[in-house]
Number of protein chains: 2
Amino acid sequence: MTTTGEDDESTQTDYEIAQSVETDPIVDVVEPFGLSEDDLELMGEEKAKVTLEAIERIKREKDDDGKLVLVTGMTPTPLGEGKTVTTVGLGQAFNQIGKDALVAVREPSLGPVFGVKGGAAGGGYSQVLPMEDINLHFTGDLHALTSAHNLIATMLDNHIKQGNELNISVNQVNWPRAIDMNDRALRETVVGLGGDVTGVPREDGFILTAASELMAVLCLADSIEDLKARIGRIIVAYDEDGDPITVDDIGATGAASILLKDALKPNVVQTIEGTPAFVHGGPFANIAHGTNSLIADDVASHLSEYLVTEAGFGSDLGAEKFMNIVCRFGDMEPDAVTLVASVRALKYHGQEMWPPDLDELEAEDVDAVERGLENLDKHVTNLQKFGVPVVVALNRFPGDTDAEVDAVLDHCRDELGIRAAESTVFGEGGEGGIELAENLVDAAESESEYEPLYDIDAPIKEKIETVATEIYGADGVNFSSDAEDDMERLTDHGFDDVPICMSKTFHSLSDDASKKGVPEDWTLDVNEIYPSAGAGFLVVLTADVLTLPGLPGEPAAAGMDLDSDGNVSGLF
Amino acid sequence: MTTTGEDDESTQTDYEIAQSVETDPIVDVVEPFGLSEDDLELMGEEKAKVTLEAIERIKREKDDDGKLVLVTGMTPTPLGEGKTVTTVGLGQAFNQIGKDALVAVREPSLGPVFGVKGGAAGGGYSQVLPMEDINLHFTGDLHALTSAHNLIATMLDNHIKQGNELNISVNQVNWPRAIDMNDRALRETVVGLGGDVTGVPREDGFILTAASELMAVLCLADSIEDLKARIGRIIVAYDEDGDPITVDDIGATGAASILLKDALKPNVVQTIEGTPAFVHGGPFANIAHGTNSLIADDVASHLSEYLVTEAGFGSDLGAEKFMNIVCRFGDMEPDAVTLVASVRALKYHGQEMWPPDLDELEAEDVDAVERGLENLDKHVTNLQKFGVPVVVALNRFPGDTDAEVDAVLDHCRDELGIRAAESTVFGEGGEGGIELAENLVDAAESESEYEPLYDIDAPIKEKIETVATEIYGADGVNFSSDAEDDMERLTDHGFDDVPICMSKTFHSLSDDASKKGVPEDWTLDVNEIYPSAGAGFLVVLTADVLTLPGLPGEPAAAGMDLDSDGNVSGLF
């Protein structure tokens, strides 16, 4: 959720850089890629949604012969190592070397914007515009999701209040309410107070909209029909006999679909250098799959030679899910992967720092960088298991020394025998990513033999063990008795032949946030497994997941302002 | 919130009628009225926001010489008697008789759309388009308000959690959370559960977004500066010493303003006959003033010969507030008032029906109509106290007989000596409102001597007594001891020289919903008086107000669907 690579010395904010650029009408930006004005629903001059009719036509008329480049990262510091910046900059760099390229990134969520200072629209000279819109209400997709989510919750409680014909157990409602705000106080609540008039008191809670299964559904649906079918089968509660109650059962599928009919259409904007960028959807990368919408990837891959898309957190989470879930569902094959690394993150691993104190990582420390390389290496090895060539992108920050940078690049090239390049796209735009882009062209032209890591028909336990040992480096998995029961029940119900979606801390390759580098001699604890029936995967919980963050002591919101001409400040 | 006047025999829904019409681009619709494409922020072809720069320019360049026609109603049945339909139809009728006219109505709220079947975009051949957008997310104003409201709530609870430097009393927080959904279970809640990590447990609740003071603020602000000032002074809580805590105090003014910067710009769409319609803002008509935004009225009144605008509920609520609050704040003077009546509502009063059973009102009953006229008469007399000519609009439903209709029109013309006309704009569009429009032209050309009912500097008690006796017909007012304390404290704090905003049931002229006609021999009970410091008025509570409705046993949402081409059904 943060823009990284920024120059601390610089006095220009991302917003000021964005304001200094003259954008072209979005109609003109996308026209060379085969989208006409009739294919767009314009929201002002700079933003548009692509109609579903256009998407159908494009998929019918055009071959999907574009190359797919996935951007992922090593185990990051809490500020992130610049995946979005790299994604945006790389798209620009491809265009600079004469390759048609499009970018696809996730849609920001309001909650984090007001909490920790930073948006999710890239930064510096590699950002998507208009960044203030994209970071605020944008085209309303998040608001539509919040409304649809809460409509389902309202229909559910109303059903209980109006006689509870379905015999829903109030202690087995697992459809919380949603809000797109980091409102800690709503994490655990009691609702339905006030007596007979207001309904049945029960424990409840709110999650961030990005954590709603509806977000995952929206990001995996390929048509209105598919969207409706997925929404309808979402499990929102269990009845007193333990049987699932779905959105269909409570009669909310149609109304929720109506609320999402426009949100399903991918948004297109432009980068600061005029590269078209799809910014659509943004599911959590722990309880969900963490990538922008499949519908955006799908249409974008038909429109250009290269599509650069991004997956959340480190490659153990976002990329693993992209490869094992998204590519499988979307019938896509990545041609190359960019693994974003930073000197800061390498020192963080090399110093085995926990809790993080990033100010301590500013001084040159080549030894720490070299000690931290084991984390990078493990991510490289993991990604290679999917048969896809890996190019390391060292996102260079202004304070990084040549010695530190060379230590990384030399190691990748000489020890690992893989391609690597430094990237300075934050400060230089596409120009700063040309070497990286050239390496990716090389890699993508020839080598990919993508395959998912596990067989979809393997037993649930086997799939979890495969990810735990092959990706996380665990010795094995310890299933709680609840988890054993879950697997048995899910298998009995025939819900075992789907991918698994692991929910694990992103602070470490292991399930212990404090462990840096490549943790050894440990076993993964699995506590619970539940179906996201609408999304079509099983969520595997390895620890409590925080689905509604809170504001810090000094929230970014407190520093924001609007002048009388409508200009924002303090937003980034 | 309902479309009325519909023909039960008809098989065409409002949506089908809307779909059968070919709309012009909104750019072409508003161009003859002096708005160019540069003045608009387009949201697709049919919707736009008017920029604040354009509004400044128009107010600078053009005289405000347009006539203002207010649409209000008699004490309505729960389904409403067709004020929005009449407003839209009347605008169309003006244009049909060669008068330039614009329409301004309130923006629908999602909650009621999914609850009781019906939108708030007019109906039949007098509706605003695209009605499905307007009734769903429209241009996102309601979502922006929900977000801004909840940001303030989040900042408030975060302040308490992070040390509570302002010494806020958790039992004196009067800024609930907001949701645009009829979610009864959120009316009364406990938040902040879960121990030290999540904060301080306290009682809380949710209100419908339309009931947020932010909605009232947005509908009264005339610029970004004014918006910010109003937001900043909203009182969200009291400290342990009983002193007010404002949005400024908790540092949320800038961020909330940023979230509302686009919502402040009025939306313009078109009616089914191509009359430009401003659809902007929709505050409750009990705890707030119940009319669309002042900024929309203001710009619209500079753009055409006639502006037709609407106030909520019966004239005792919406029109009283329009005259005493909105016109005063906006320096506007209505030139004529249309009082919407229906045979159904007259029979409802004549039969002294409570609880309402509207099916029982279908048979002809001239006697009941005549007995019910006393309610209409009282509304006429009340409106005349403001010095504005009144024209009765009998919104004719298909089942109404000539005898019933004539009884009303003859009474108005012969007994009251005022203008009256039947209106059939639901079924016939502007054509069905020509006689009404001609009467209004007559009335508006000559007679208005508008003045508010009470002096702004009068003591609070006197202002309340004036409205209670002059408008409601009470013998007097009984103030609770709390209310007496409130008045004393507000007067001491210098917050007495503002208008009052009465919160009273809309089911009766009195404070007893069951009393029909013109209740006599009663005293108004006032329980509490509190400041809406951002809006700039005092809210006077005469009973508990329901600020978050619930869904009925068979919610409209359950009958809605979306087909695979994206067409909605069951929405209206």
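This is a predicted model: local features need pLDDT of at least 70, side-chain atom pairs count only at pLDDT 80 or more; totals for chains, interfaces and linings use all residues.
Begin by selecting Phe206(A) together with Phe206(B), both of which are buried. Across all chains the structure holds 5 aromatic pairs, and one of them is formed by these two residues, whose rings are stacked with 5.6 Å from centre to centre and 0° between the planes. If you colour by chain, you can see that Phe206(A) belongs to strand S11 (residues 206–208) of chain A while Phe206(B) belongs to strand S11 (residues 206–208) of chain B, so the pair joins two chains.

Next, select Phe313(B) and Phe506(B), whose ring centres are 4.2 Å apart and whose planes meet at 10°, so this pair is stacked. Which parts of chain B does the pair tie together? Phe313(B) lies in the loop between strand S16 (306–310) and helix H12 (315–330), and Phe506(B) lies in the loop between strand S21 (500–503) and strand S22 (523–526), so the pair ties together parts that are 193 residues apart in sequence.

Finally, turn to a lysine and a tyrosine in chain A by selecting Lys504(A) and Tyr472(A), where the charged end of the lysine sits over the tyrosine ring, 4.7 Å from its centre. Then move to chain B and select Lys504(B), which lies over the face of Tyr472(B) at 4.7 Å from the ring centre.

Terms used:
Residues are numbered from 1 along each chain as its sequence is written. Chains are lettered from A and ligands numbered from 1 in the order in which they are written. Side-chain values use heavy atoms; hydrogens and water are left out. Rings of Phe, Tyr and Trp (its six-membered ring) pair if their centres lie within 6.5 Å; planes under 30 degrees apart count as stacked, over 60 as edge-to-face and the rest as tilted. Helices (H or I, at least four residues) and strands (E, at least two) are DSSP runs, numbered from the N terminus. Buried means under 20% relative accessible area, exposed over 50%, partly exposed in between (1.4 Å probe, protein chains only). A charge sits over a ring if NZ of Lys or CZ of Arg is within 6 Å of the ring centre and within 35 degrees of the ring normal.
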